[in-house]
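I opened this notebook to record what I looked up in one structure. The entries follow the order in which I consulted it.

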Amino acid sequence: MFSKVIKSQFKVIFLLFLFFAVLFLQIKLAIAAPNLGLFNKVKKPSITVLATVKPLNQAKHMYTLSLLVTIPDRFHLYSFEKQGEFAPHPSSLTINKPWQVYQKIQVPKAQLLFDAAFQKKLAGYQHEFKITQQIQYTKKNKPPTYVSGYLSYQICDNVTCFDLQKASFYTSLN
């Protein structure tokens, strides 16, 4: 009977020791490496997209869509080109129907940024950049009075990369 009590007490003491050892290691890690994101939840950042449309040839229903993309400080998003097999998702632009794209998207040359999460230099954008896309309405009936779509992107800082996100835009033709 006496040995069962001792074994039970030993188990309790051992479990308390493990609990405090793990707690101590977590505190030590949080102090030594606060930017690892292990103990602080990072709010998912989002970009802003401001869209404008200018007529290119109204008789042919051709327009130039311009998007001004603003990225939060400390973050970057990746270029529109695939950057290898083990790399982040490239950014992409989708224009909603009934509009059609009729020229390749125009974006500024991306900067080469060292990305600690991937341990290599990757092409991306910081702060602000402009996208230009030529669009056309090809149906016989009257075109809509607006253009809408979304920008797909993956945003990262030097520690955390977030899942693929979408930023929608909507602008009037007037």
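**Entry 1**

I began with Asp 73, which lies in the loop between strand 2 and strand 3. Helices (H or I, at least four residues) and strands (E, at least two) are DSSP runs, numbered from the N terminus. I noted that this is a predicted model, in which local features need pLDDT of at least 70 and side-chain atom pairs count only at pLDDT 80 or more, while totals for chains, interfaces and linings use all residues. Residues are numbered from 1 along each chain as its sequence is written, and side-chain values use heavy atoms, with hydrogens and water left out.

I then looked up the distance from Asp 73 to Asp 157: their C-alpha atoms are separated by 9.2 Å, although the two residues are 84 residues apart along the chain.

Arg 74 is found in the loop between strand 2 (62-70) and strand 3 (76-78). Arg 74 is exposed too, because its relative accessible area is 63%. Its phi is near 75 degrees, a positive value in a residue other than glycine.

**Entry 1: further backbone angles**

I recorded a general rule for reference: most residues other than glycine have a negative phi, and most peptide bonds are trans. His 127 is not a glycine, yet it has a positive phi of about 65 degrees. I located His 127 in the loop between strand 7 (120-126) and strand 8 (128-137). With 49% relative accessibility, His 127 counts as partly exposed.

Which peptide bond is cis, with omega near 15 degrees? I found that it is the bond from Lys 97 to Pro 98. Pro 98 is found in the loop between strand 4 (92-95) and strand 5 (99-101).

Ser 79 lies in the loop between strand 3 and strand 4. I classed Ser 79 as buried because its relative accessibility is 5%. Beyond its neighbours within four places in sequence, Ser 79 is in contact (heavy atoms within 4.5 Å) with Pro 90, Ser 91, Ala 110, Ala 123, Gly 124 and Tyr 125. Its side chain makes a polar contact with the side chain of Gln 83 at 3.5 Å. A polar contact is a pair of N or O atoms within 3.5 Å; within protein, one must be able to donate a hydrogen and the other to accept it, and residues adjacent in sequence count only if both atoms are side-chain atoms. From C-alpha to C-alpha, Ser 79 and Tyr 153 are 8.9 Å apart in space and 74 residues apart in sequence.

Ser 79 is also one of the residues that line the largest pocket, and the lining includes Ala 110, Ala 123 and Tyr 125. A pocket is an open set of points on a 1 Å grid over the protein atoms alone, where a 1.4 Å probe fits, with protein on both sides within 12 Å along at least five of seven lines; lining residues have an atom within 4 Å of a point. I read a volume of about 160 Å³ for the largest pocket; a volume is the space filled by probe spheres set on the points, which are joined across faces, edges and corners.

Gln 154 is found in the loop between strand 9 (146-153) and strand 10 (155-156).

Thr 171 is found in strand 11 (residues 165-172). Thr 171 is buried because its relative accessible area is 10%. Its side chain reaches the backbone oxygen of Ala 51 at 3.3 Å.

**Entry 2: the whole chain**

Finally, I counted 1 helix and 11 strands in the protein chain. Of the 174 residues, 33% are buried.

Terms used:
Buried means under 20% relative accessible area, exposed over 50%, partly exposed in between (1.4 Å probe, protein chains only).
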